2 protein chains.
Amino acid sequence: MAKNKTTKVERQEQLSIYINTNPFLTDEDLAELLGVSVQTIRLDRLELRIPEYRERLKHVAMGEGDSVKSLSHGELVGELVDISVGKAGASILTITKEMVFKKNHVARGHHLFAQANSLAVALIDAAVALTGNARVSFRHPVKLGDRVVGNAEVSGSQDNKYKVTVVSKVKEQVVFEGIFTVFALAEEA
Amino acid sequence: MAKNKTTKVERQEQLSIYINTNPFLTDEDLAELLGVSVQTIRLDRLELRIPEYRERLKHVAMGEGDSVKSLSHGELVGELVDISVGKAGASILTITKEMVFKKNHVARGHHLFAQANSLAVALIDAAVALTGNARVSFRHPVKLGDRVVGNAEVSGSQDNKYKVTVVSKVKEQVVFEGIFTVFALAEEA
DNA sequence: TAATTATTAGTACCAGGTACTAATAATAGG
DNA sequence: CCTATTATTAGTACCTGGTACTAATAATTA
């Protein structure tokens, strides 16, 4: 037949690539892409130990599932527990396994920064606020499972420039301190 | 019957909570949890416009699917393109929709911080490295789709304390600058 | 040519649903 | 008190995306 003369191995390599770059492909999709029958795809997956569609989705979903409150999503990192716009606010961030170094279960600094930064920005009473600069100190390591309570306070302002001080604690112990300069922007800047 | 006298509305609220905190629950699971039949759960989902199990997983998986390189995962934010441990390194972060403010498509500062911070930490030749403090400036807004190239350099060291300077650019324009003080820790600190 | 490997077809089965019909409780209104 | 409406449950047929298995037919290799 006038089929592309690809070997089994070549096809299986392609299969791996397809699935790795897009786990949402079903066997039927793959069969069409590779020009073989669905049964062949199944045999290939078996040999390559690639789980079925639904299992794949489950695992992608799981890996990310409980990190919904993490940096990539939502407008705020952590959970806002109290806010008085223009004045002060607080948020809580629980350290999950995705946020820590595998080696020692210490949270990566940028998560604490992210909590503080998004809290600082949330405080500003403007359509859009951007961080201009920041000075931050990581006072004490934060561990997996810790509940980090961030407290922010607007400590000064000049024109559209606000100074926000954030102190984050884990059970009364200060773990992070930062001073953020946030700019309030007009609606259509 | 000696059932908990919960109203339909109360049950539906509970249902929402259950599903929000754990999208992996099937109708059967939920039926058992709430002490009603599977059919009732289905009707509830219909009324609440909650999609079915497989659709939910698909969406969790999708929402996060392409943000694998974002903050919550991997040991590094951005893609490492060059590194010479103890000296310098570079990484690239492409700004996705998850990283920007919906209103103006400008990247939230903490993502740039995260890229720089994880790059700084990666540079340190130690089992574990932690950021002590940092001074950062966001020079120019970064937009959705921008490819942020971060360049880090160890600019000094004293004992286990390293000073790392990071400059991030989008097409030759400096968008972020930061000086990080990173501490190298012993294996079993 | 015989043996082996690769590919395809088909069957029965499963999970987790949708969509629909129908029967039975429970609650409220007059 | 009886009726009308709402709530809940049961059951059926069907769908997707598979697993597990059997069997037949190419294509290759020894």
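I count two strands as paired if DSSP finds at least two bridges between them. Helices (H or I, at least four residues) and strands (E, at least two) are DSSP runs, numbered from the N terminus.

**Basis.** This is a predicted model, in which local features need pLDDT of at least 70 and side-chain atom pairs count only at pLDDT 80 or more, while totals for chains, interfaces and linings use all residues. Residues are numbered from 1 along each chain as its sequence is written, chains are lettered from A and ligands numbered from 1 in the order in which they are written, and side-chain values use heavy atoms, with hydrogens and water left out.

**Sheet of chain A.** I looked up the partners of strand E6 (residues 173–185) of chain A. Strand E5 (residues 161–170) of chain A runs antiparallel to E6(A), joined by ten bridges. Strand E3 (residues 128–138) of chain A is also antiparallel to E6(A), with ten bridges. I then checked A:Val182: it is the bridge partner of A:Tyr162 and the bridge partner of A:Thr131. E5(A) and E6(A) make a hairpin with two residues between them, and A:Lys171 in the turn has a positive phi of about 50°.

**DNA strand C.** I took a residue as near the strand if one of its heavy atoms lies within 4 Å of it. There are 16 residues around DNA strand C, and A:Arg11, A:Ser37, A:Thr40, B:Tyr53 and B:Arg54 come nearest. Which element gives the most to this surface? H3(A) does, with three residues. Elements that each supply at least two residues are helix H1 (8–21) and helix H3 (38–48) of chain A, and helix H3 (38–48) and helix H4 (53–65) of chain B. I sorted the surface by class and found nine charged, four polar and three nonpolar residues. Here Asp, Glu, Lys and Arg count as charged, Ala, Val, Leu, Ile, Met, Phe, Trp, Tyr, Cys and Pro as nonpolar, and the others, Gly among them, as polar.

Of the atoms of DNA strand C within 4 Å of the protein, 71% belong to sugar or phosphate, the rest to bases. For A:Ser37, a polar backbone atom is 2.9 Å from a phosphate oxygen.

**B:Asn104.** I found B:Asn104 in the loop between strand E2 (88–94) and helix H5 (109–123) of chain B. Is B:Asn104 buried or exposed? It counts as buried because its relative accessibility is 18%; buried means under 20% relative accessible area, exposed over 50%, partly exposed in between (1.4 Å probe, protein chains only). Leaving aside neighbours within four places in sequence, B:Asn104 is in contact (heavy atoms within 4.5 Å) with A:Val128 and B:Lys143.

Key
Polar contact = N/O pair within 3.5 Å; in protein donor to acceptor, adjacent residues only side chain to side chain.
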